[in-house]
Each structure stands twice: as structure tokens, then as C-alpha cells.
Amino acid sequence: MTSLELTINGARRVVDANPGDTLLEVLRRAGHVGVKKGCGSGDCGACTVLLDGRAVNACLVLAAKAEKRAILTIEGLANGDALHPIQEAFLDEGAVQCGYCTPGMVLSAYDLLSRNPTPSEGEIREAISGNLCRCTGYVKQIRAVQTAAERMRSGRNG
Amino acid sequence: MEDTTRWAMRGTTACKHGKPGPLVSARGDGNNRREEREGDVEDVGLHRIQSIARPTTADEAWRLRTADPETTRFLGGGIDLILYTPETVTTLIDVSRLGRAGVSAGRAGLAISAGTTLSRILEAPEIAAYAGGFLRDVLRQVASPLQRNVATIGGAVARAHPWSDVVLALLVLDADVEVFDGAARSVPAADFYASRSQNVAPLVTGIRLPKRAPSTRGAFEKFARTGFDVGLLNCACVVEVAKGTCSRVRVAVGGTPALARRLPDVEAALEGKRPSSATIGDAASLAARGVDARDDRRASELYRRTLTEVGVRRCFERLTRDGMEGAL
């Protein structure tokens, strides 16, 4: 094991890791269990986190490659008790069922809206195309991202 | 990624952090046998990684790689190594510090450094303006945004999966691959893949796309089971249009199931021609007959020949509809 210095949700953390550990394994061991383990092969998107502002599959990133880069997990999105507008929109639109895909879906939406405040439906579909939901038909998640985009543009939340 | 390969590569009796646990389930046989045991975690090849080297020059990286070819691999974005770590590999050579990632335009065309992610390439304004946005449109159909944010062009070129959309696109764009194998050199992409039998493949350091006429256009067609699954077959064409006729025609087909190759007979059949439905139909038929299609468990040879005909026809029909009409 070696020590890795990671910046997780704005806080510097020193964690023990093997050279072959994935970011998913290290984050979950560090207590960030909002980063879900699904397929382990980049197909489902349940482990999505932001690395330097871009959504990635944490199962397909070596933890060592995340050193000195900014990691954002779902736990770092809310501001204290106040949920992020995307999280609020997912609740308001009923875009959560079992919830396993939700952290990844929300973070992919966050990546999209931080670069494109006015996405088309096609752009939203493309942005969340790496996040599989086994419960629903994606309609409510797409509506939630549209709602979040509207609220973020107008400075409203809920 | 291909299902049974993935099972085989990650399915093992070894437990990542200790001895094998009790057998929970098993499926498949031979090399495709996958056993699941209590305590198993995936990505089993990774637990053998003992160190990650971080060279800052290509020469240093190459010396590390050639000093022990069996136990080392170059590490780019890392996706492929995580999914398919060879069991002999114990040291990864992280090549991300060898150059600054990005796309730059020069007098001879575009230069893309090997460490540039596919997302960054498809978002680059230089790429949107190049060959009518052909490469951008291809990259948009490669894997998912989550993977494109990690995968590098150098990794895609070096790994060269037979179904690679990236390799296919670079072939029809007449791209050069910049490599280092003790000395820096630049080779046409087709030659790079033709000479890959050497013991240690050269380190890919960049891609060069030649300057193209403003009338250059391209089209891409991929047949896959789902939106970001690997293709059963893919094909692409790039042409320059002048006075209503095609020139510098490039047509390639990949995932046949071999790595993409150009189809010179098809290119010759369209060179200097006006792309009418008759010439397009003839070219598509010629492609179907000439493609090196074979059976594998994902598709039959016959099906791949049919896909080739449909794909080539669609590519040229799309070019005619979207880009070339104004030039005709």
C-alpha cells in the first residue's frame, strides 16, 4: 500500500491504496458510499464521479491517476442541508425510483449543465447515455434535467 | 467491449486480496469459464500491479518499457488496462506527463497529442471545422461520455480494438501516427497497423491530420446492438468535392471482425465520379464483395457483407444529402 493525496469534495484526504486500486474502490473505502458499484466495467454509470469537472466512471479510473485532481462525489453536491437544484429537480419530477443510478445520473447532469446551461433534449439524452436506469424509462430523468436547467438559469431552486 | 471476453478477462478463481473463496457460481467453459467465489472482486489483473512509473520524457518511457516488455505496459487513460490487465503485468508506465494534451492547428494540418481525451477532441473548434466535422461526429458515437472523458486518442490508437471507430476514422482521414521507439518518427496510420508485429509496439505520442480542402466531407455508419456498444461492423468514407465530382475518395470498413482496412477498389470506382444513386449502388455492391468479412460469434460473414453494402451506401447517400449537394 502507498499513500495517495486526493482532493475529495474540496477536502484534502490522504488514503492508503494499492497501485492497481480503482478510484471506485478507494472512494468507497474512504466512506463515499454514494459512489455505487454496479457493473465494474463502465457500462452502467452507477459509480459516476466528477474528475476535474468531468463525469467519469470511477471503476475505470485508477486511483493513482486521480492524485492532485479535484474529485466531486454525490456527497459533495448539496450545500449543507440545501440540495443542489439538480437533486431537487430529480425529487420534484419523480425521477428517482430505487435510487441506485441516481447519484451517477445527477452527476452526469451536473457535468452537462455546468458546460451547457441550455441543453436540448438530445444533448441531455447523450449526456446521460452512460447511466443506465433499470427502473424507469428515462423520461422523468430527462424532464428533471430540463427542470434543473430552467431553475439554474433563473436562479430558482424548487 | 465484448461480453465473453470481458467475462473471461475478469473471471478467475483468484480473489483479489487473498486465496480463492468458496465457489458461488460458474458459467461457460475453457477460456470463457467464469467462476464467482465468495470475496471475489472484479478487475483481478489489477491486484498484481506493484508500481506506477511516471516518466517525463518519451525516451525514459521507452527505456522502461523495453527493459522488461512482459511485465510493463504504457498507461494512458487506463480504461483498457483496467478491463484487460494481462496477468504478467506488474508495472504501469504512466505516459500522461510526456506532453501537453490538446489539439493544435498548423500549416500542415492538425496535431493532436496522444494524451488528449476523446471528449476534448470532439469539443475542439478545430475538429468541428475539419472535414465538415467528420471526426467530431464519429467520436460522438464512441462509447459513452463518461468513457470519452477518460479515454485518450493515444490509447485508442495503440490498443486498436478491431471494432475501433477511432482507427477507422483515422484511416479515411489519411492520418499519420507519431511514435517513439528509440527515435521519434511519423508513419501513416495504415503502415502503423501493418507493422505491428514487432515485439514491443512503439509508444504513440500523437496524431497528425493533414490539411484538407474546405470541400472535404465524411460520413460514418456503425451497426451496434445498443447506443454505446461496440459495433458489429463500422464503415466510413471521406471525399473532396470539386465541380460535382468526388476526389481523394477514402472508404474503409472495420469490425469485419478484423481491424478496419481501406477498400482501394471501391475508392477507385468512385474517384472522379459524380455520386449518383447508380454509382453509389455499384460502389456499395463492390464493397460488399471485396470486404474481408468473416464469421464470429457476434455476426456471420453474410450478415457483415450485407451490413457493408448498407453502410457504404448510407455513408455516400448522407454525404450527397448533407454536404455535397451544394457543391454539385
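This is a predicted model: local features need pLDDT of at least 70, side-chain atom pairs count only at pLDDT 80 or more; totals for chains, interfaces and linings use all residues.
Local features were considered only at pLDDT of at least 70 and side-chain atom pairs only at pLDDT 80 or more, whereas totals for chains, interfaces and linings use all residues. Residues are numbered from 1 along each chain as its sequence is written, and chains are lettered from A in the order in which they are written.

The secondary structure of chain A comprises five helices and five strands, where helices (H or I, at least four residues) and strands (E, at least two) are DSSP runs numbered from the N terminus. Along the sequence these elements follow the pattern β-β-α-β-β-β-α-α-α-α. With a radius of gyration of 15 Å, close to the 15 Å given by the globule rule for 158 residues, chain A is as compact as a globular protein of that length; the radius is taken over C-alpha atoms, and the rule is 2.2 Å times the number of residues to the power 0.38. Of the 158 residues in chain A, 48% are buried, a residue being buried if 20 or more other C-beta atoms, placed from the backbone, lie within 10 Å of its own.

Within helix 2 of chain A (residues 85–92), the buried residues are Pro85(A), Ile86(A), Gln87(A), Ala89(A) and Phe90(A). These buried residues pack against helix 3 (102–115) and helix 5 (139–154) of chain A, with contact defined as C-beta atoms, placed from the backbone, within 7 Å. Helix 2 of chain A is followed by Gly94(A), which has a positive phi, near 65°.

In chain B, three strands form an open parallel sheet in the order 3-5-4, two strands being paired if DSSP finds at least two bridges between them. Strand 3 (51–53) and strand 4 (72–75) of chain B are the edge strands, each pairing on one side only. Strand 4 of chain B is joined to strand 5 (residues 91–94) of chain B by four bridges, and Thr72(B) has Thr91(B) as its bridge partner in strand 5 of chain B.

Between the chains, 23 residues of chain A are in contact with 24 residues of chain B. Strand 4 (54–57) of chain A and helix 4 (121–127) of chain A are the elements that give two or more residues to the side of chain A that touches chain B, and the largest share, four residues, comes from strand 4 of chain A.

How values were computed: Two residues are in contact if their C-beta atoms, placed from the backbone, lie within 7 Å. A residue is buried if 20 or more other C-beta atoms lie within 10 Å of its own, exposed if 12 or fewer, and partly exposed in between; C-beta atoms are placed from the backbone.
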